[in-house]
Amino acid sequence: EVIKVVNYIKSCPLRSGIFANLCKAMDSDRTRLLYHTEVRRLSKGKVLARVLSLRAEIISFVDAEKISFKFINDDIWWLEVAFISDLFDKLNTLNLSLQGANENIITISGKLKAFKDMLQLWMTRANNSQLDCFPSVDASTHKSTITPVIQKTLENLSASFTKYFPSLETKEYEWVINPFVNYEGTCLTMAEEENLIDLKNDLVHKVSFAEQELSAFWVSIRSEYPYLSNKAIKALLPFGSSYLCELGFLAQTEIE
């Protein structure tokens, strides 16, 4: 429904121009809505946030145009939009944290597990009618009206996370993140354990570890600690996200 409103206003240059003039007349900080596109994965949150910030302007424009968007004057509808906007903001923050050349499957798994645990926290608080985790909703006097919707949405999202990320445990690879700390249950062979003990007591490499990127460090010690280094590199090798692929495509585009 939000996308329908946005597309109606922006699909016609004349309507888009009239809406921009209306925003200026109402002293709005923004004068344009944002299109949603599936290519830009973060755009849903931005579209919703912009629509919320221009709520009064949109209502005035739609009423003047006499368009049959019956939901546009429904306070509960706007409250649901506010909830989805808050939720997408959290998802966008997670998505951005997974991007970067130095992110790997271990660090990403930790962030996904943290988000999954936060979902459980939000569900618990929502079940107790505590919605402070969604500030836009919590500020409304009608928040109790959509509490069941919030509970169901969070349950569905949690189920999706469980489906797509069935196992996020990375304890057996914690030594990869910092080999100079004592860990239990590393699942290493005898040769690898011996390499790890030698490395823990190597003061020179302990200093270089603090100065290098994680992957660069494990590659640099490959000749001295081959068993341990090879296992660490295999753990860091899988792509945690499509960031590096997209970066490569962008570089290729610039070259062409």
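Tutor: Buried means under 20% relative accessible area, exposed means over 50%, and partly exposed is in between (1.4 Å probe, protein chains only). The model is predicted: local features need pLDDT of at least 70, side-chain atom pairs count only at pLDDT 80 or more, and totals for chains, interfaces and linings use all residues. Residues are numbered from 1 along each chain as its sequence is written, and side-chain values use heavy atoms, with hydrogens and water left out.

Student: Which is Tyr-225, buried or exposed?

Tutor: Tyr-225 sits in the loop between α12 and α13; helices here are DSSP runs (H or I, at least four residues), as strands are (E, at least two), numbered from the N terminus. Its relative accessibility is 8%, so Tyr-225 counts as buried.

Student: How wide is the arc that the buried residues of α10 cover around the axis?

Tutor: Helix α10 spans residues 190-200, and its buried residues are Glu-192, Asn-195, Leu-196 and Leu-199. They lie on the same side of α10 because the arc they cover around the axis is only 100°. An arc is taken from the directions from the helix axis to the C-beta atoms, and for α10 the value is 100°.

Student: What do the buried residues of α10 pack against?

Tutor: The helices packed against the buried residues of α10 are α9 (174-177), α11 (203-211), α12 (214-220) and α13 (226-236).

Student: Which exposed residues does α13 carry on the face turned away from its buried side?

Tutor: The buried residues of α13 are Leu-228, Ser-229, Ala-232, Ala-235 and Leu-236. Seen down the axis they fall within an arc of 125°, so they line one face of the helix. That buried set packs against α6, α9, α10 and α12. The face turned away carries Tyr-227 and Lys-234.

Student: How far from Lys-10 is the nearest side chain of opposite charge?

Tutor: Lys-10 is in helix α1 (residues 2-10), and it is in contact with Ser-16, Leu-33, Leu-34 and Tyr-35, leaving aside neighbours within four places in sequence. Lys and Arg count as positive and Asp and Glu as negative, while His and the chain ends are not counted. A salt bridge needs a side-chain nitrogen of Lys or Arg within 4 Å of a carboxyl oxygen of Asp or Glu. Lys-10 is buried and has none; the nearest opposite charge, Glu-57, is at a distance of 15 Å.

Student: Which side chain of opposite charge is nearest to Glu-57?

Tutor: Glu-57 lies in helix α4 (residues 55-65) and touches Phe-19, Leu-22, Cys-23, Met-26 and Ser-28, not counting residues up to four places away in sequence. Glu-57 is also buried without a salt bridge, and at 8.9 Å its nearest side chain of opposite charge is Arg-55.

Student: How far apart are the closest N and O atoms of Asp-75 and Arg-55?

Tutor: The count of salt bridges comes to five, and Asp-75 with Arg-55 is one of the pairs. The two are 20 residues apart, with Asp-75 in helix α5 and Arg-55 in helix α4. Asp-75 is partly exposed at 45% relative accessibility, as is Arg-55 at 30%. Their closest N and O atoms are separated by 2.8 Å.

Student: What is the phi of Lys-66?

Tutor: Most residues other than glycine have a negative phi. Lys-66 is in the loop between α4 and α5 (75-97) and is exposed, with a relative accessible area of 74%. Although Lys-66 is not a glycine, its phi is positive, at about 55°.

Terms used
Contact = heavy atoms within 4.5 Å.
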